[in-house]
Amino acid sequence: MAILVIIVAALVISILYANFKPEELPMYALAEVTKGDIQSTFDTQGVVESGSTETYSAASGVKVVSVDVAVGDRVSEGQQLATFDVSSLNGTLSDYKTAYSKAKSSYDKSAAGVADAKQKLADVNTQIPALEREIAQLESEVKAAENTQVTLPTAPNYSEAELQALMEQLRAGGMTEEQINEIVTALQAQAGQVDVETAIANSAAAKKAELTQKQAQLSALQTQKSVYEAQTDETVTDLYKSVMEQKKKEYESYQALVDTLAKGWTASADGIVTEVNLTAGEAFQPSTAQSGGMDLAALMSMASGNSDVAATLTDIFSTTSNANTAVGTGMVVEHYGDFYVSFTVGKYDLQDLHVGQKAKITSLDKDYAGEVSYVSATATAGSGLDISSITSSLTGSSTSSSSNSAPIKVKIENPDEKVVIGFDVDVSIDTEKLENVMVIPVEAVSTNDGENCVFVYNEKEKTVSKRVVTLGVGSDTMYEVLEGLQVGEQVVLNPKTALTDGDKIQVK
């Protein structure tokens with residue numbers, strides 16, 4: 001009976017405990033709001049590149065005799081890469097030389113013409129002022145002669161004083177000393193009838209005739225001046241000079257290319273072959289030809305309708321118009337030495353990156369120190385989806401949504417065999433560092449309706465209160481707190497979605 005009572009009592013106690021036991025509180029770890037330092041980082045992925053890339057160019061149509069390496073081959077300095085038969089390029093080389101010779105001849109002729117015109121213009125500019133002074137003097141003498149009235153003495157004989165007075169009147173009339181002396185001599189000798197007024201009139205007529213002749217000479221000189229000024233315009237000469245320099249560059253460049261192909265390609269340094277576009281026994285045909293040269297249509301527009309210039313330019317450019325002058329990439333070798341990680345960023349991330357910032361590069365689970373060595377000042381247009389931008393938008397970071405991006409390079413310090421050209425690697429760049437600021441662990445922050453929130457623990461009440469906080473710079477582990485908390489308060493780590501304002505919790 002006693003045993004039965006004990007069993008019944010235990011059963012009753014169990015039922016009562018199950019119905020009235022206290023509810024178990026959720027358990028959380030806490031972290032104290034403190035002062036500390038934050039090192040902000042920019043994390044991304046990039047591609048390993050060599051600091052020195054050698055591109056071997058080949059002329060279209062050259063026969064490939066041998067290709068001695070393949071993509072992925074490691075080569076050493078001086079190692080043979082490919083050989084060629086350049087005999088098929090001689091015709092094109094000759095065309096380049098002819099085009100250059102024509103361009104030089106046109107420039108030399110034009111430059112000589114300009115120099116000659118400048119000399120003649122200088123001579124004309126010297127003659128014109130002297131002739132203008134002569135004309136002005138003649139105009140004055142004609143006017144004086146036309147206005148001169150001579151009073152002759154009535155006596156048959158002339159005194160010396162009377163002759164001197166007459167000579168002064170004649171000089172005022174613009175007569176020459178020779179004409180004056182003839183009149184005075186005739187008067188002194190009384191040789192026939194001396195008509196002084198007629199002599200003066202004849203003198204004025206002679207001066208008018210001379211004046212007309214001088215004015216005609218001046219008009220001719222001014223016409224010559226206009227012609228020479230036009231001939232001294234160096235626009236056409238400068239145009240010919242540009243064409244000559246370009247054709248010289250093309251000829252010398254193609255000559256150097258032919259010489260290089262004739263010798264065959266050898267590696268200038270240790271490296272790895274990353275591209276081969278040659279086939280032994282076949283003529284090389286570039287998949288993408290290198291562009292260059294001058295635009296004939298643009299040059300024609302500069303000729304401003306000058307048919308002679310247009311004909312000359314057409315003749316020069318037609319010399320190589322039918323030649324196979326295309327040049328393309330035949331092989332690429334990435335040299336060993338300096339290695340870089342290359343990637344692009346949007347406009348918002350670009351403002352945080354600067355040359356000299358320290359970085360960490362991770363390749364095949366090994367970390368390497370690095371430094372930002374290049375930050376572009378020019379954005380380039382991109383296409384397609386920017387994965388980093390999408391990721392940033394999901395995580396709330398500020399990355400540009402624009403398709404434009406700017407290239408960045410990070411130099412890898414002390415790379416080894418685990419750093420492979422062309423492989424993707426992880427990059428973490430130290431950007432902004434803040435010291436002695438209010439910080440909390442990133443695990444304390446949750447986001448609700450676009451607001452950053454934390455749960456602050458009340459040790460006395462064993463409850464939590466939800467607060468909206470304003471965050472600043474963040475790192476992988478900590479956030480800077482700008483508003484909403486005070487140093488010394490405790491916040492809940494990893495709060496669950498079920499946790500609400502005023503809940504009681506247990507502390508781990």
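Colleague: Which residue in β21 does P441 stand opposite?

Modeller: This is a predicted model, where local features need pLDDT of at least 70, side-chain atom pairs count only at pLDDT 80 or more, and totals for chains, interfaces and linings use all residues. Residues are numbered from 1 along each chain as its sequence is written, and side-chain values use heavy atoms, with hydrogens and water left out. Strands β16 (residues 424-441) and β21 (residues 478-483) pair in the antiparallel sense over 3 bridges; two strands pair if DSSP finds at least two bridges between them. Within β21, the residue opposite P441 is M478.

Colleague: And through how many residues does a hairpin join β20 to β21?

Modeller: Strands are DSSP runs of E with at least two residues, helices are runs of H or I with at least four, and both are numbered from the N terminus. Strand β20 (residues 470-474) pairs with β21 in the antiparallel sense over 3 bridges, and T470 stands opposite E483. The number of residues in the hairpin that joins β20 to β21 is 3.

Colleague: A backbone check next. Is N436, with its positive phi, buried or exposed?

Modeller: N436 sits in strand β16 and has a positive phi of about 55° although it is not a glycine. The cut-offs are under 20% relative accessible area for buried, over 50% for exposed, and partly exposed in between, with a 1.4 Å probe and protein chains only. At a relative accessible area of 55%, N436 is therefore exposed.

Colleague: What is the relative accessible area of D449?

Modeller: D449 belongs to the loop between β17 (446-448) and β18 (451-458). Its phi is near 55°, again positive in a residue other than glycine. D449 counts as exposed, because its relative accessible area is 81%.

Colleague: Now V345: how far apart in space are V345 and S376, C-alpha to C-alpha?

Modeller: V345 lies in strand β11 (residues 339-345) and counts as buried, because its relative accessibility is 4%. Leaving aside neighbours within four places in sequence, V345 is in contact (heavy atoms within 4.5 Å) with F42, L350, L353, N404, S405, A406 and I408. V345 and S376 are 31 residues apart in sequence, and their C-alpha distance in space is 9.9 Å.

Colleague: Which strands are at the edges of the open sheet of 4 strands?

Modeller: The strand order is β4-β10-β9-β6, with antiparallel pairing. β6 is joined to strand β9 (residues 271-276) by 2 bridges, and R74 has I272 as its bridge partner in β9. The strands that pair on one side only, and so mark the edges, are β4 (53-59) and β6 (74-75).

Colleague: What about the open sheet of 3 strands: which strands stand at its edges?

Modeller: Here the order is β5-β7-β8, with antiparallel pairing. β5 and strand β7 (residues 80-85) are joined by 4 bridges, and V64 stands opposite F84 in β7. One side of each edge strand is left without a neighbour in the sheet, because each has a single partner strand; these are β5 (63-67) and β8 (265-266).

Colleague: Last one: to which residue's side chain does a polar contact of 2.6 Å join S110?

Modeller: S110 lies in helix α2 (residues 90-146) and is buried, with a relative accessible area of 15%. Not counting residues up to four places away in sequence, S110 touches V236, T237 and Y240. A polar contact is a pair of N or O atoms within 3.5 Å; within protein, one must be able to donate a hydrogen and the other to accept it, and residues adjacent in sequence count only if both atoms are side-chain atoms. The side chain joined to that of S110 at 2.6 Å is that of T237.
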